[in-house]
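Me: I am new to this structure and would like a close look at a single part of it. Please take the open sheet and what surrounds it, and go through it piece by piece.

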Amino acid sequence: MKKEKYVYGGRRQAKGSKLPLIIGLVAVVLVIVLCIVLFGGSAKDDVDPDEGQQNELTDPNAGGDPNTGNDPNTGSDPNTSSNPNTGGDPDSDANTDTDTDTNTDADTDTDTDTDADADTDTDMPDRGPEPIPDPQKGSRPWNLVLVNPWNFLPESVDIPLAWSDYGGQVDARCVDALDRMLDDCSNEGLVPIICSAYRTWDTQTSLFNGTWDYYEYSLGMSSEDAKAAAAMETAWPGTSEHQLGLAVDIVDVNYQLLNDAQADTAVQQWLMANCWKYGFILRYPADKVPQTGIIYEPWHYRYVGEEYSQAIYESGLCLEEWLAQN
């Protein structure tokens, strides 16, 4: 009598019968084929749909100038990190790079507002009461030209530029006074750093758009509210004194963040007390925001000339108020 054994769940099969084994193998093969058909194709398609656009989206030269990374006028504030809320320069927003790229006119606008060259009077945000119009607008000497949210750059302005010994370009007519001031500051054992000076129109536009985008897309403001908030920190293109070549942003080497605490540094304490001796004034005082339309900037100095700076300093007035009375 032949011996029998239990296989495949207890079903009796004669020794030597291979039919159940063949059926089982066929079933396994069918399952494998089915898995390949069902899941093989989808796994192939599981790719980032935007991967093919990476070169286009991340092209470092797209709309940009490869020289801007070294432009002293487009420098980056170590505190900004694209966050204008850290006290960024109203005329800058990000400006502590002290590299000196000689190609300052190659400043890059990576996000140019197509309306920047339009009639910006109708696009400017409401900043509260407007200052009294300058009765001598258009006839002031070059060093007293008023540029602010309500007074745009002259239609035709020819600025003779020169490099400061401390980096950055300014109007050549005030560069000696600037260097003397910083030399004397340095002789006191301090280390002042120019983090922003003259800016081209494109640079100012790019800075403004970056601040506008931050408020709109990062903070979720409406476009109009974001524009108004940005204009209080980064001057609207055509309303920045940096475009005149008469303004410089100066920080202390020991504290290079553009915020209110900059006022407490040794460099700013010295500059605030002595800048008038060299023809400069602190342009945006803390108590003059409604008059200037710009937040407090204890790092922004404007050249007005030694013949006027002492009178403005001693009056306690901002430039808008002083010009309205003189």
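Reply: Among contacts in the protein chain between residues at least 6 apart in sequence, 71% join residues at least 24 apart. That figure, like the others below, is computed from a predicted model. The protein chain has 326 residues, and 47% of them are buried. Its secondary structure consists of nine helices and eight strands.

The sheet comes first. Four strands form an open sheet in the order β5-β6-β8-β7, and the pairing is antiparallel. β5 and β7 (280–284) are the edge strands, each pairing on one side only. On average, neighbouring strands of this sheet are turned by 45° against each other, direction ignored.

Helix α3, made of residues 175–187, packs on this sheet and touches β5, β6, β7 and β8. The direction of α3 makes about 140° with that of β5.

Strand β5 covers residues 192–196, and five of the five are buried, so the strand is largely enclosed by the rest of the structure. β5 pairs with strand β6 (residues 247–252) over four bridges, in the antiparallel sense. In this part of the sheet, Pro192 stands opposite Asp252 of β6.

β6 also pairs with strand β8, residues 297–303. These two strands run antiparallel and are joined by three bridges. Ala247 has Arg302 of β8 standing opposite.

The pairing of β7 with β8 is antiparallel too, with four bridges. Phe280 has Tyr303 as its bridge partner in β8. β7 is mostly covered, as four of its five residues are buried.

Ser309 belongs to helix α8, which spans residues 306–315. With residues up to four places away in sequence left aside, Ser309 touches Trp276, Gly279, Phe280, Ile281 and Val304. The relative accessibility of Ser309 is 0%, so this residue counts as buried; the cut-off is under 20%.

Ser309 and Trp276 are separated by 33 residues in sequence, while their C-alpha atoms are 5.0 Å apart in space. A polar atom of the Ser309 side chain lies 2.6 Å from the backbone oxygen of Trp276.

Ser240 is placed between α5 (223–231) and β6. Ser240 has a relative accessible area of 0% and is therefore buried.

The remaining pieces are helix pairs. Two packed helices are described by the angle between their axes and the distance between the axes.

α3 packs with helix α6 (residues 266–274) at an angle of about 130°, and their axes are 11 Å apart. The crossing in which α3 passes α6 is right-handed. On the α3 side, Met181, Leu182, Asp184 and Cys185 take part; they meet Val267, Trp270 and Leu271 in α6.

The other pair is α4 and α5. Helix α4 is formed by residues 201–218, and it packs with α5 at an angle of about 130°, the axes being 8 Å apart. That angle makes α4 oblique to α5. The crossing of these two helices is right-handed. From α4, the contact is made by Phe208, Thr211, Trp212, Tyr215 and Glu216. From α5, it is made by Ser223, Ala226, Lys227, Ala229, Ala230 and Ala231.

To put the pieces together: the sheet has the order β5-β6-β8-β7, and α3 packs on it while touching β5, β6, β7 and β8. α3 in turn packs with α6. Ser309 of α8 touches residues that include Phe280, whose bridge partner in β8 is Tyr303. Ser240 sits in the loop between α5 and β6, and α5 packs with α4.

Definitions and conventions. Residues numbered from 1 in each chain as written. Predicted model: local features only at pLDDT ≥ 70, side-chain atom pairs only at ≥ 80, totals over all residues. Heavy atoms only, no water. Buried < 20%, exposed > 50% of the residue type's maximum accessible area, 1.4 Å probe, protein only. Contact = heavy atoms within 4.5 Å. Polar contact = N/O pair within 3.5 Å; in protein donor to acceptor, adjacent residues only side chain to side chain. Pairing = 2+ DSSP bridges. Axes fitted to C-alpha atoms, helices over the stretch in contact; angles between N-to-C directions. Parallel < 35°, antiparallel > 145°, perpendicular 65-115°, else oblique. Left-handed = near helix turned anticlockwise from the far one by under 90°.
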